[in-house]
Amino acid sequence: MSAVDRPFAPAGDDAVLPFAVEALDLRGRVVRLGPAIDTILGRHHYPPAVSRLLAEAVALTALIGTSMKFEGRFILQTQSDGPVSMLVVDFDAPDAVRACARFDAGAVAEAVAAGRDRPEDLLGRGHLAMTVDQGAHMSRYQGIVELDGRSLEEAAHGYFLQSEQIPTRVRVAVAEVLTRDPGHEPQRGWRAGGLFLQFLPDSSERTGHRDLHPGDAPAGTAASVEEDDAWVEAQSLAGTVEDDELIDPAVGAETLLYRLFHERGVRVFEPQPLVERCRCSRDSVKAMIASFSPAERLDMVENGRIGVTCEFCSTHYDFDPQEFETE
């Protein structure tokens, strides 16, 4: 097959498009984020470097979270010693995502001024945790990999090699773009995109990684496992993707996949829509405040009120302390 199999409407912004290239034993997904990521970042007014890094984390989370086949949550979180000390992205299956960042504004400004604004510079050393929460009656799974001066893409590669031993490649791209609609003032908005590839042949013997650890071999000895030709080809094709192709609204996900894999044949499946939606509510925040002791709640009172702002969506909740008095 030399064309994209497309029996439905094309995937647009704020959606993940699953696909398969059977000739290369390849499975993957493409994500395109427009209004959703612009809404998330617009609520926080982060410095551009922080916004860009958080958008990368959101794109990565969407690519991984939409692969879950159950109702639950997938949480990506970093903790590190860099100017951006924490990123948290919460994906609530099947389609909702929210995100926030913690950072030292002065350290971020200094890093940007010195030209050290790459993701690995802003994150520094620490760890990346990916948590699958299937609900109260199911076990919770968490995989952790070191950041160690690596980008989110590189850390994700390490996660899948270490935790799942599946050859995986990830590409993510982010940009703030200027759009011009006839009759309207130009508008700036954030966009993000990503490509996720996994090599899943029927034979497990074909999944060998050239970068597997050589065990007790002398230092500097490379592993002798050769990568499968199909996986080498898939990685080479993915390496030709430019960042602007991942975020350009004029280049649809199907068009991108056709450019990459038309000679091998690519099949796409039903796109998975994504929405920006927070899980907070007045009732849940009130229950949280009620769980504190009276003395702790007293410390929360300012100007006669208890105020709480959601770190994810910036919604502010205001309470009268008397609401928590019990007989």
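**View 1. The lining of the largest pocket has six nonpolar, two polar and four charged residues.** Ala, Val, Leu, Ile, Met, Phe, Trp, Tyr, Cys and Pro count as nonpolar, Asp, Glu, Lys and Arg as charged, and the others, Gly among them, as polar. The model is predicted: local features need pLDDT of at least 70, side-chain atom pairs count only at pLDDT 80 or more, and totals for chains, interfaces and linings use all residues. Numbering runs from 1 along each chain as its sequence is written, and side-chain values use heavy atoms, without hydrogens or water. The volume of the largest pocket is about 230 Å³. A pocket is an open set of points on a 1 Å grid over the protein atoms alone, where a 1.4 Å probe fits, with protein on both sides within 12 Å along at least five of seven lines; lining residues have an atom within 4 Å of a point. The volume is the space filled by probe spheres set on the points, which are joined across faces, edges and corners. Helix H9 gives the most to this lining, three residues. E5, H9 and E14 each supply at least two. Among the lining residues are Arg-98, Ser-284, Met-288 and Val-308.

**View 2. Three strands form an open sheet in the order E13-E14-E15.** The pairing is antiparallel. Strands are DSSP E runs of at least two residues and helices H or I runs of at least four, numbered from the N terminus; two strands pair if DSSP finds at least two bridges between them. E13 (301–302) and E15 (316–319) are the edge strands, each pairing on one side only. Helix H9 (residues 282–290) packs on the sheet and touches E14 and E15. Its direction makes about 55° with that of E15. Contact means heavy atoms within 4.5 Å; axes are lines fitted to C-alpha atoms, for helices over the stretch in contact, with angles from 0 to 180 degrees between N-to-C directions. Glu-302 has Arg-305 in E14 as its bridge partner.

**View 3. Six strands form an open sheet with mixed pairing.** The order is E7-E6-E3-E4-E5-E12. E7 (140–146) and E12 (275–276) stand at the edges with a single partner strand each, so one side of each has no neighbour in the sheet. E3 (residues 73–80) and E4 pair in the antiparallel sense over seven bridges. Gln-79 stands opposite Met-86 in E4.

**View 4. Asp-95 lies in the loop between E4 (84–92) and E5 (96–103).** Its side chain makes a polar contact with that of Arg-277, at 3.3 Å. A polar contact is a pair of N or O atoms within 3.5 Å; within protein, one must be able to donate a hydrogen and the other to accept it, and residues adjacent in sequence count only if both atoms are side-chain atoms.
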